[in-house]
Structure formats: structure tokens, C-alpha cells
Amino acid sequence: MAEPSTSSLPPAAADAAAAAVRAAIEKSQQPGPTATETEAKEGATEGAGEGPEGDKEPQTTTVQPGLVDPNHDVTVFADQANFTVKHPLYSPWTMWFDSASKQDKAKSWDEALVKVIAFESVEEFWGLYNNIVPPSLIHPNSNYYLFKEGIKPAWEDSANSKGGKWSVQLPRGKYSETIDNFWLYTMLAAIGETFETPFIKPTPEDPLPSATPTSSFSNEITGVIVSSRKAFYRINIWTRTSNPGDEERIKNIGKHFKYGVLGLEEGLKISERDKVSSDVEFVSHKDSQAKYGTKVDKWTV
Ligand code: MGP
């Protein structure tokens with residue numbers, strides 16, 4: 001299982017994890033009690049009737065309002081079990097799951113869909129990640145769905161009904177470790193909200209170009225899904241829109257997903273023999289529902 005540390009992640013995933021922490025810091029810069037105020041208050045209660053210690057003057061170190069105080073607060077990066085500070089994410093998220101056995105008995109598709117947990121901090125995310133069965137080990141025909149709070153992972157939800165999905169498929173078997181890593185990187189990009197980072201093509205001179213998140217962030221991603229199927233694994237990125245007019249913006253998400261987040265090479269076929277390519281494809285939900293016997297318009301990157 002991965003440690004709650006970003007040091008072993010590839011650059012894009014590490015960026016995404018760092019973005020999740022940046023979200024925490026930005027959020028925590030809202031006015032709150034200063035350390036001095038907090039310590040003064042604690043001194044007042046803890047010190048009462050405790051002799052010399054109780055007479056202690058409150059310490060005068062002042063940290064910026066709401067920021068982590070390095071002298072007192074323990075983050076998950078310093079102590080994985082006994083941390084005292086949680087870093088809130090930009091948005092709260094919910095993990096959903098549906099399993100093959102439930103699908104078999106369910107009367108309708110969404111009857112089998114269960115909420116696993118809702119979380120809103122970096123620490124809760126790692127707590128979930130460290131305690132959940134990885135996608136390579138879930139039963140074929142099962143799916144994990146990580147969606148923004150309040151959005152059901154269904155085409156019918158108003159946040160999804162006009163949208164679509166980017167997909168990548170990997171053959172089962174030899175790609176089990178890869179799918180587990182890809183899913184982690186995908187989740188980090190989702191909770192770090194880095195999918196809308198402008199994609200900058202790597203060059204031999206600058207193989208790891210770093211782009212700052214775009215100012216035209218439009219909250220386009222509603223959720224991400226990993227699916228286990230008999231012959232393959234699949235990751236989907238769901239978007240709110242799928243208009244031809246938004247092609248450039250949506251393709252940027254696909255490029256960032258394929259090259260930045262997953263680190264795939266342009267033109268690379270994941271496996272010629274298995275007839276599964278690394279083409280990352282976009283299709284609208286409307287088209288994917290009508291896929292049988294219908295020509296489906298797909299975008300690739
Ligand atoms: P799938 O898992 O998205 O496709 O949907 P997959 O794995 O390609 O399977 P295939 O059987 O389509 O080849 C599988 C099935 O689940 C769909 O055909 C629908 O019956 C149902 N389903 C999936 N989703 C995401 C939804 C949804 O959002 N709404 C509803 N009503 N049904 C869905």
C-alpha cells in the first residue's frame with residue numbers, strides 16, 4: 001500500500017497531490033483564531049488550579065490566521081497515525097461502488113450503486129486509499145466511482161446529462177499494477193482539480209514542462225470511474241459538457257489526462273497483441289447510450 005507521501009509519485013501525480021494540499025492552505029487562509037488567541041484560551045482552561053504551570057503567561061508566537069502552526073500541529077506527512085491537522089480539499093468528494101454480485105440481483109442499474117464514503121480532506125482521502133481494495137483485485141463487472149459531492153455517478157444527474165467521458169482501457173492480467181497506479185494518479189488529479197491545467201507538450205529540452213492551473217477553470221470534471229471487466233480495466237473521466245464548441249477545452253483535459261497524469265507516450269499502443277490501444281477517447285453520454293447500431297462520434301488525443 002502506498003504511503004501518504006508524495007515523494008514516490010510521478011511528477012503529474014505529485015503535482016496533483018501538491019495541488020490538493022495547496023487547496024487546503026488557500027482555504028485555511030480564511031480568518032480564524034490566531035495561535036496566540038488559541039493558546040491564551042487553552043492556557044485559561046488547562047492552567048486553572050494547576051499551580052505554577054497555571055500561572056504561565058500565554059506564549060506570544062503568532063502564526064497567520066488559520067495556517068498550520070509547525071510548533072503545535074502534526075500533519076499527516078509528519079505522523080501518519082497521530083496527525084492533528086486535516087487539510088480540506090477544494091471540494092468534498094464521495095466514493096461509490098457497485099459490485100457484480102449486487103448488479104446481478106438489482107432490479108435497476110442504480111439499485112446496486114452504494115456510497116462508500118464521503119470525504120473532504122487530504123488525510124481522509126489517504127485513509128480511504130490505504131484501506132480500500134485496489135481496482136486490480138475487485139471482481140470483474142465492478143466499478144469504483146469518485147464523484148464530487150452532490151453528483152450521482154449517473155448519466156441522468158443534471159451535472160452529467162449534457163456531458164461525456166474520456167476513457168482508457170488496459171488489458172487485464174499483466175496491467176494490474178499499472179491500473180492501480182493509473183487509478184491513484186487519476187484520483188489525485190481529480191481531488192487536486194488539476195485536469196484543467198493547460199497541456200504543454202513535452203520536448204527533448206523540457207521533458208517535464210510544468211504548467212500552472214488555468215485561470216479559465218470551469219469545474220468541468222464531475223467524477224472519475226475505474227471499472228474492472230472480464231477482459232480489461234478502464235478508467236473514465238466524466239465531464240459536464242460535450243459540445244462540439246467546447247472541443248478544444250475538452251481535448252485539453254484528454255491530453256492532460258493521457259500525457260500528464262498517466263504519462264503515456266503519443267502514438268504508443270499499450271498492447272498491439274491484445275488489440276487494445278492507448279487511444280484515449282471521448283464520447284458524449286448521449287452517444288454512448290445509443291452506441292449499439294449507431295455511429296458514435298469520438299474524439300481522440
Ligand atoms: P458501463 O459499465 O458504462 O459500460 O455500463 P460497459 O462496461 O461498456 O458495459 P456494456 O454492457 O455497456 O458493454 C453498463 C451498463 O450499465 C449500461 O449498458 C447501462 O445498462 C448501465 N449503466 C451504466 N451507467 C453509467 C449508467 C447510468 O449512468 N445510468 C443508467 N441508467 N444506467 C447505466
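In the predicted model, the side chain of arginine 240 reaches the backbone oxygen of asparagine 219 at 2.5 Å. Residues are numbered from 1 along each chain as its sequence is written. Because the model is predicted, local features need pLDDT of at least 70 and side-chain atom pairs count only at pLDDT 80 or more, while totals for chains, interfaces and linings use all residues; side-chain values use heavy atoms, with hydrogens and water left out.

Arginine 240 lies in the loop between β6 and α6 (247-261); helices (H or I, at least four residues) and strands (E, at least two) are DSSP runs, numbered from the N terminus. Its relative accessibility is 25%, so arginine 240 counts as partly exposed (buried means under 20% relative accessible area, exposed over 50%, partly exposed in between; 1.4 Å probe, protein chains only). Beyond its neighbours within four places in sequence, arginine 240 is in contact (heavy atoms within 4.5 Å) with Ile151, Ala159, Lys162, Gly163, Asn219, Glu220 and Thr222. Threonine 222 is 18 residues from arginine 240 in sequence, and their C-alpha atoms are 6.3 Å apart.

Strand β6 (residues 232-239) pairs with β4 in the antiparallel sense over eight bridges, where pairing requires that DSSP finds at least two bridges between two strands. Strand β4 is also joined to β7 (residues 281-284) by four bridges, again antiparallel. Serine 167 has asparagine 236 as its bridge partner in β6 and glutamate 281 in β7. Seven of the eight residues of β4 (residues 164-171) are buried, so this strand is largely enclosed by the rest of the structure.

Helix α4 (residues 122-129) is likewise largely enclosed, because six of its eight residues are buried. These are Val122, Glu123, Phe125, Trp126, Leu128 and Tyr129.

Notes
Polar contact = N/O pair within 3.5 Å; in protein donor to acceptor, adjacent residues only side chain to side chain.
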